[in-house]
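Open the model in a viewer and keep the sequence panel beside it. The stops below can be taken in order.

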Amino acid sequence: MKRIVTIQDISCVGRCSLTVALPLLSAMGVECGILPTAVLSTHTMFQTFTCRDLSDQIEPIADAWEKEQITFDGIYTGYLANAGQCAQVGAFFERFRREDGLILVDPVMADNGALYPAFDEKYPAAMAELCAQADVIVPNLTEACLMTGMPYRTSYGPDYIRELLEKLLDLGCGTAVLTGVSYEADRLGVASLDRSGAQFSYFTRRCPQSYHGTGDIYASVVMGGLMQGLETGRALALAADFVVACIEATAAAPDARWYGAEFESQIPLLCRMLDQRKTDQRKY
Ligand code: PXL
(Lines give C-alpha, C1' and ligand atoms only; values in the text may rest on other atoms or scores of the structure.)
Protein backbone atom coordinates (compact mmCIF):
# COMPACT_ATOMS: atom_id res chain seq x y z
CA MET A 1 0.00 0.00 0.00
CA LYS A 2 1.28 3.48 -0.85
CA ARG A 3 1.99 5.80 2.07
CA ILE A 4 1.74 9.56 1.77
CA VAL A 5 1.94 12.48 4.15
CA THR A 6 -0.47 15.36 3.81
CA ILE A 7 0.57 18.74 5.18
CA GLN A 8 -2.33 21.05 5.98
CA ASP A 9 -4.36 22.41 8.88
CA ILE A 10 -6.81 20.72 11.18
CA SER A 11 -10.03 22.71 11.03
CA CYS A 12 -11.87 20.95 13.83
CA VAL A 13 -15.31 21.52 12.32
CA GLY A 14 -16.18 22.60 8.78
CA ARG A 15 -15.38 19.73 6.40
CA CYS A 16 -12.15 20.94 4.92
CA SER A 17 -8.42 20.23 4.92
CA LEU A 18 -7.47 17.22 7.07
CA THR A 19 -11.03 16.20 7.99
CA VAL A 20 -11.59 15.77 4.24
CA ALA A 21 -8.19 14.48 3.09
CA LEU A 22 -7.85 11.72 5.69
CA PRO A 23 -11.15 9.92 5.15
CA LEU A 24 -10.98 10.23 1.36
CA LEU A 25 -7.40 9.00 1.03
CA SER A 26 -8.07 6.13 3.44
CA ALA A 27 -11.17 5.18 1.45
CA MET A 28 -9.06 5.16 -1.69
CA GLY A 29 -6.66 2.66 -0.17
CA VAL A 30 -3.77 5.01 0.57
CA GLU A 31 -2.06 5.15 3.98
CA CYS A 32 -2.24 8.79 4.96
CA GLY A 33 0.17 10.30 7.49
CA ILE A 34 -0.43 13.89 8.55
CA LEU A 35 1.70 16.91 9.38
CA PRO A 36 -0.73 19.48 10.80
CA THR A 37 0.23 23.11 10.09
CA ALA A 38 -2.27 24.68 12.49
CA VAL A 39 -5.30 23.82 14.59
CA LEU A 40 -8.35 26.00 13.95
CA SER A 41 -11.78 25.80 15.56
CA THR A 42 -13.29 25.94 12.05
CA HIS A 43 -12.16 27.11 8.61
CA THR A 44 -11.74 30.83 8.19
CA MET A 45 -15.06 31.42 6.45
CA PHE A 46 -16.75 31.34 9.85
CA GLN A 47 -17.01 34.77 11.51
CA THR A 48 -15.34 33.60 14.70
CA PHE A 49 -12.45 31.18 14.67
CA THR A 50 -9.36 30.34 16.70
CA CYS A 51 -6.00 29.40 15.19
CA ARG A 52 -2.98 27.85 16.88
CA ASP A 53 -0.02 27.94 14.53
CA LEU A 54 2.05 24.73 14.64
CA SER A 55 5.10 26.01 12.72
CA ASP A 56 7.37 25.06 15.60
CA GLN A 57 6.35 21.41 15.27
CA ILE A 58 7.27 20.95 11.60
CA GLU A 59 11.05 20.53 11.99
CA PRO A 60 10.99 18.34 15.14
CA ILE A 61 8.43 16.01 13.54
CA ALA A 62 10.51 15.84 10.34
CA ASP A 63 13.66 15.16 12.41
CA ALA A 64 11.95 12.29 14.25
CA TRP A 65 10.66 10.78 10.99
CA GLU A 66 14.12 10.99 9.45
CA LYS A 67 15.66 9.26 12.49
CA GLU A 68 13.03 6.52 12.20
CA GLN A 69 13.76 6.26 8.46
CA ILE A 70 10.13 6.89 7.61
CA THR A 71 9.64 7.59 3.90
CA PHE A 72 6.66 8.58 1.78
CA ASP A 73 5.51 7.68 -1.73
CA GLY A 74 3.84 11.05 -1.97
CA ILE A 75 3.54 14.43 -0.28
CA TYR A 76 0.33 16.42 -0.62
CA THR A 77 0.07 19.93 0.78
CA GLY A 78 -2.99 22.13 1.30
CA TYR A 79 -3.74 25.13 3.51
CA LEU A 80 -0.61 26.46 5.21
CA ALA A 81 -0.88 28.95 8.06
CA ASN A 82 1.53 31.65 6.82
CA ALA A 83 4.28 32.52 4.31
CA GLY A 84 7.00 31.21 6.64
CA GLN A 85 5.41 27.77 6.50
CA CYS A 86 5.75 27.74 2.70
CA ALA A 87 9.54 27.88 3.17
CA GLN A 88 9.41 25.25 5.93
CA VAL A 89 7.40 22.92 3.74
CA GLY A 90 9.83 23.55 0.87
CA ALA A 91 12.65 22.39 3.15
CA PHE A 92 10.55 19.35 4.10
CA PHE A 93 10.24 18.49 0.37
CA GLU A 94 14.02 18.61 0.05
CA ARG A 95 14.40 16.13 2.89
CA PHE A 96 11.59 13.71 2.02
CA ARG A 97 11.20 13.84 -1.74
CA ARG A 98 12.02 10.57 -3.50
CA GLU A 99 13.01 9.97 -7.09
CA ASP A 100 9.88 7.83 -7.59
CA GLY A 101 7.70 9.94 -5.29
CA LEU A 102 5.01 12.47 -6.16
CA ILE A 103 4.56 15.95 -4.73
CA LEU A 104 1.15 17.58 -5.14
CA VAL A 105 0.69 21.17 -3.98
CA ASP A 106 -2.77 22.64 -3.66
CA PRO A 107 -1.93 26.35 -3.20
CA VAL A 108 -4.98 27.03 -1.03
CA MET A 109 -5.19 30.78 -0.44
CA ALA A 110 -8.04 32.43 -2.35
CA ASP A 111 -11.27 32.08 -4.30
CA ASN A 112 -13.64 34.27 -6.32
CA GLY A 113 -10.96 36.90 -6.90
CA ALA A 114 -10.00 37.41 -3.23
CA LEU A 115 -7.41 36.10 -0.75
CA TYR A 116 -8.75 34.22 2.29
CA PRO A 117 -8.90 36.41 5.42
CA ALA A 118 -5.82 34.96 7.13
CA PHE A 119 -3.37 35.85 4.33
CA ASP A 120 -1.61 39.06 3.33
CA GLU A 121 -0.43 40.11 -0.13
CA LYS A 122 3.03 38.60 0.46
CA TYR A 123 1.61 35.07 0.69
CA PRO A 124 1.08 34.29 -3.05
CA ALA A 125 4.79 34.81 -3.86
CA ALA A 126 5.82 32.44 -1.04
CA MET A 127 3.33 29.84 -2.26
CA ALA A 128 4.55 30.28 -5.85
CA GLU A 129 8.04 29.28 -4.68
CA LEU A 130 6.63 26.12 -3.13
CA CYS A 131 4.75 25.33 -6.35
CA ALA A 132 8.11 25.44 -8.16
CA GLN A 133 9.10 22.27 -6.29
CA ALA A 134 5.91 20.33 -7.06
CA ASP A 135 5.19 17.64 -9.64
CA VAL A 136 1.51 18.65 -9.78
CA ILE A 137 -0.24 21.84 -8.67
CA VAL A 138 -4.02 22.36 -8.57
CA PRO A 139 -4.80 26.08 -8.14
CA ASN A 140 -8.19 27.61 -8.87
CA LEU A 141 -8.27 30.61 -11.23
CA THR A 142 -7.89 33.17 -8.45
CA GLU A 143 -4.88 31.39 -6.96
CA ALA A 144 -3.30 30.98 -10.40
CA CYS A 145 -3.69 34.72 -11.11
CA LEU A 146 -2.26 35.72 -7.74
CA MET A 147 0.80 33.51 -8.27
CA THR A 148 1.47 34.48 -11.90
CA GLY A 149 0.45 38.16 -11.87
CA MET A 150 -2.16 37.53 -14.59
CA PRO A 151 -5.38 39.59 -14.31
CA TYR A 152 -8.30 37.69 -12.76
CA ARG A 153 -11.18 37.39 -15.20
CA THR A 154 -14.64 35.91 -14.86
CA SER A 155 -15.17 35.68 -18.59
CA TYR A 156 -12.48 34.37 -20.90
CA GLY A 157 -11.67 31.86 -23.62
CA PRO A 158 -9.18 29.02 -24.11
CA ASP A 159 -6.31 31.45 -24.93
CA TYR A 160 -6.48 33.01 -21.48
CA ILE A 161 -6.49 29.56 -19.82
CA ARG A 162 -3.56 28.40 -21.99
CA GLU A 163 -1.54 31.49 -21.02
CA LEU A 164 -2.30 30.97 -17.34
CA LEU A 165 -1.24 27.31 -17.60
CA GLU A 166 2.01 28.27 -19.34
CA LYS A 167 2.76 30.88 -16.67
CA LEU A 168 2.07 28.29 -13.96
CA LEU A 169 4.52 25.89 -15.61
CA ASP A 170 7.04 28.76 -15.72
CA LEU A 171 6.93 28.71 -11.92
CA GLY A 172 8.74 25.37 -12.22
CA CYS A 173 6.14 22.67 -11.52
CA GLY A 174 5.76 19.52 -13.66
CA THR A 175 2.02 19.64 -14.35
CA ALA A 176 -0.29 22.61 -13.84
CA VAL A 177 -3.98 21.90 -13.30
CA LEU A 178 -6.44 24.80 -13.24
CA THR A 179 -9.73 24.19 -11.47
CA GLY A 180 -12.97 26.11 -11.87
CA VAL A 181 -12.54 26.62 -15.63
CA SER A 182 -15.70 27.46 -17.55
CA TYR A 183 -16.28 28.39 -21.20
CA GLU A 184 -20.04 27.80 -21.16
CA ALA A 185 -22.55 28.92 -18.53
CA ASP A 186 -23.68 25.40 -17.64
CA ARG A 187 -20.31 23.60 -17.77
CA LEU A 188 -17.45 23.73 -15.25
CA GLY A 189 -14.22 21.80 -15.15
CA VAL A 190 -10.45 21.62 -15.16
CA ALA A 191 -7.66 22.21 -17.69
CA SER A 192 -4.09 21.00 -17.42
CA LEU A 193 -0.75 21.29 -19.18
CA ASP A 194 2.48 19.44 -18.48
CA ARG A 195 6.11 20.06 -19.38
CA SER A 196 5.93 17.75 -22.40
CA GLY A 197 3.17 19.99 -23.79
CA ALA A 198 0.37 17.48 -23.11
CA GLN A 199 -2.95 19.26 -22.59
CA PHE A 200 -6.06 17.88 -20.97
CA SER A 201 -9.43 19.28 -20.05
CA TYR A 202 -12.57 17.82 -18.54
CA PHE A 203 -15.94 19.42 -17.90
CA THR A 204 -18.99 18.40 -15.90
CA ARG A 205 -22.36 20.05 -15.52
CA ARG A 206 -22.12 23.21 -13.43
CA CYS A 207 -23.98 22.82 -10.15
CA PRO A 208 -25.73 26.02 -9.09
CA GLN A 209 -24.70 25.48 -5.47
CA SER A 210 -21.20 26.04 -4.11
CA TYR A 211 -19.84 24.78 -0.79
CA HIS A 212 -16.62 25.32 1.11
CA GLY A 213 -14.07 22.55 1.01
CA THR A 214 -14.81 21.26 -2.47
CA GLY A 215 -11.27 22.23 -3.52
CA ASP A 216 -9.93 20.00 -0.74
CA ILE A 217 -12.17 17.14 -1.90
CA TYR A 218 -10.87 17.68 -5.43
CA ALA A 219 -7.16 17.71 -4.51
CA SER A 220 -7.49 14.73 -2.14
CA VAL A 221 -9.16 12.57 -4.79
CA VAL A 222 -6.58 13.58 -7.42
CA MET A 223 -3.84 12.54 -5.00
CA GLY A 224 -5.61 9.25 -4.19
CA GLY A 225 -6.13 8.51 -7.88
CA LEU A 226 -2.50 9.22 -8.76
CA MET A 227 -1.29 7.06 -5.86
CA GLN A 228 -3.52 4.27 -7.18
CA GLY A 229 -1.71 4.50 -10.50
CA LEU A 230 -4.36 6.33 -12.52
CA GLU A 231 -3.08 8.39 -15.45
CA THR A 232 -3.23 12.10 -14.66
CA GLY A 233 -6.26 12.80 -16.87
CA ARG A 234 -8.21 9.92 -15.34
CA ALA A 235 -7.42 11.13 -11.83
CA LEU A 236 -8.45 14.69 -12.73
CA ALA A 237 -11.74 13.50 -14.23
CA LEU A 238 -12.49 11.13 -11.34
CA ALA A 239 -12.03 13.96 -8.84
CA ALA A 240 -14.27 16.30 -10.86
CA ASP A 241 -17.03 13.70 -11.07
CA PHE A 242 -16.75 12.99 -7.35
CA VAL A 243 -17.02 16.67 -6.41
CA VAL A 244 -20.23 16.89 -8.46
CA ALA A 245 -21.61 13.83 -6.63
CA CYS A 246 -20.80 15.47 -3.26
CA ILE A 247 -22.43 18.77 -4.26
CA GLU A 248 -25.54 16.96 -5.51
CA ALA A 249 -25.76 14.96 -2.27
CA THR A 250 -25.42 18.16 -0.21
CA ALA A 251 -28.04 19.98 -2.27
CA ALA A 252 -30.45 17.05 -1.84
CA ALA A 253 -29.91 16.70 1.92
CA PRO A 254 -32.77 18.17 3.96
CA ASP A 255 -30.37 18.92 6.82
CA ALA A 256 -27.50 20.24 4.65
CA ARG A 257 -24.98 22.44 6.44
CA TRP A 258 -23.89 25.71 4.83
CA TYR A 259 -20.22 25.20 5.59
CA GLY A 260 -19.12 22.17 3.66
CA ALA A 261 -20.00 19.48 1.14
CA GLU A 262 -21.41 16.11 2.16
CA PHE A 263 -18.72 13.71 1.01
CA GLU A 264 -19.29 11.05 3.69
CA SER A 265 -22.41 9.54 2.08
CA GLN A 266 -20.55 9.43 -1.25
CA ILE A 267 -17.55 7.38 -0.06
CA PRO A 268 -18.98 4.06 -1.29
CA LEU A 269 -19.51 5.69 -4.69
CA LEU A 270 -15.91 6.95 -4.68
CA CYS A 271 -14.63 3.40 -4.09
CA ARG A 272 -16.74 2.08 -6.97
CA MET A 273 -15.67 4.91 -9.27
CA LEU A 274 -12.01 4.31 -8.46
CA ASP A 275 -12.30 0.59 -9.19
CA GLN A 276 -14.08 1.32 -12.45
CA ARG A 277 -11.45 3.82 -13.61
CA LYS A 278 -8.65 1.39 -12.78
CA THR A 279 -10.43 -1.30 -14.81
CA ASP A 280 -10.97 1.13 -17.71
CA GLN A 281 -7.29 2.05 -17.67
CA ARG A 282 -6.23 -1.59 -17.86
CA LYS A 283 -8.48 -2.12 -20.88
CA TYR A 284 -7.16 0.77 -23.00
O1 PXL B 1 -10.92 24.61 2.18
C2 PXL B 1 -9.75 25.29 2.24
C3 PXL B 1 -9.42 25.76 3.62
C4 PXL B 1 -8.63 24.97 4.43
N5 PXL B 1 -8.30 25.36 5.67
C6 PXL B 1 -8.74 26.53 6.18
C7 PXL B 1 -9.55 27.36 5.41
C8 PXL B 1 -9.90 26.97 4.10
C9 PXL B 1 -10.73 27.84 3.27
O10 PXL B 1 -11.25 28.83 3.67
O11 PXL B 1 -9.99 28.51 5.92
C12 PXL B 1 -8.37 26.91 7.58
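A residue is called buried when its relative accessible area is under 20%, and exposed when that area is over 50%. Keep in mind throughout that the model is predicted.

**Stop 1: A21**

Select A21, which sits in helix α1 (residues 18-27). Its relative accessible area is 0%, so A21 is buried. Now show what surrounds A21: setting aside neighbours within four places in sequence, the contacts of A21 are T6, Q8, Y76 and S220. For a distance across the model, pick the C-alpha atoms of A21 and V177; they are 18 Å apart in space and 156 residues apart in sequence.

**Stop 2: the whole chain**

Zoom out and colour by secondary structure. The protein chain has nine helices and 11 strands. Along the principal axes, the C-alpha atoms fill a box of roughly 50 × 45 × 40 Å. How does the radius of gyration of the protein chain agree with that of a compact globule? For 284 residues a compact globule would have a radius near 19 Å, and the protein chain has 18 Å, which agrees.

Buried residues account for 53% of the 284 residues. Among contacts with a separation of 6 or more, 67% are between residues 24 or more positions apart.

Switch to a surface. The protein chain exposes about 12600 Å², and carbon and sulfur atoms supply 50% of that area. Colouring by charge brings up 23 positive and 35 negative side chains, with the centres of the two sets 5 Å apart.

**Stop 3**

Go to I58 in helix α2. With a relative accessible area of 3%, I58 is under the 20% cut-off and therefore buried. Beyond neighbours within four places in sequence, I58 is in contact with L35, Q85 and Q88. One of these, L35, is 23 residues from I58 in sequence, and the two C-alpha atoms are 7.2 Å apart.

Follow the chain to Q69, in the loop between α2 (55-67) and β4 (74-77). Is Q69 buried or exposed? Q69 is exposed, with a relative accessible area of 69%. Check its backbone as well: Q69 is not a glycine, yet has a positive phi of about 55°.

**Stop 4: N112**

Next select N112, in the loop between β6 and β7. N112 counts as exposed, at 66% relative accessibility. Its phi is positive, about 50°, although N112 is not a glycine.

**Stop 5: helix α5**

Select residues 141-148, which form helix α5. Seven of its eight residues are buried, so helix α5 is largely enclosed by the rest of the structure. Display the side chains of the buried set: L141, T142, E143, A144, C145, M147 and T148.

What covers these residues? The cover includes strands β6 (110-111), β7 (114-115) and β9 (175-181), together with helices α4 (123-131) and α6 (158-171).

Both ends of the helix deserve a look. At the start of α5, a side-chain oxygen of N140 comes to within 3.1 Å of the backbone nitrogen of T142. Just after α5, G149 takes a positive phi of about 80°.

**Stop 6: T175 in strand β9**

Strand β9, part of the cover over α5, holds T175. Relative accessibility here is 12%, so T175 counts as buried. Show its contacts, again leaving aside neighbours within four places: D135, V136, I137, L169, L193 and D194.

**Stop 7: T250 in helix α8**

Finish at T250, in helix α8 (residues 232-252). T250 has a relative accessible area of 1% and is therefore buried. Which backbone oxygen lies 2.6 Å from a polar atom of the T250 side chain? It is the backbone oxygen of C246.

To see the rest of the surroundings, select Y211, A256, R257, G260, A261 and E262; T250 touches these residues, not counting those up to four places away in sequence.

Note on methods. Residues are numbered from 1 along each chain as its sequence is written. This is a predicted model: local features need pLDDT of at least 70, side-chain atom pairs count only at pLDDT 80 or more; totals for chains, interfaces and linings use all residues. Side-chain values use heavy atoms; hydrogens and water are left out. Helices (H or I, at least four residues) and strands (E, at least two) are DSSP runs, numbered from the N terminus. Buried means under 20% relative accessible area, exposed over 50%, partly exposed in between (1.4 Å probe, protein chains only). A polar contact is a pair of N or O atoms within 3.5 Å; within protein, one must be able to donate a hydrogen and the other to accept it, and residues adjacent in sequence count only if both atoms are side-chain atoms. Contact means heavy atoms within 4.5 Å. The radius of gyration is taken over C-alpha atoms; the globule rule is 2.2 Å times the number of residues to the power 0.38. Accessible areas come from the Shrake-Rupley method with a 1.4 Å probe; for residues, only the protein chains shown count as cover. Lys and Arg count as positive and Asp and Glu as negative; His and the chain ends are not counted. The place of a charge is taken as NZ of Lys, CZ of Arg, CG of Asp or CD of Glu.
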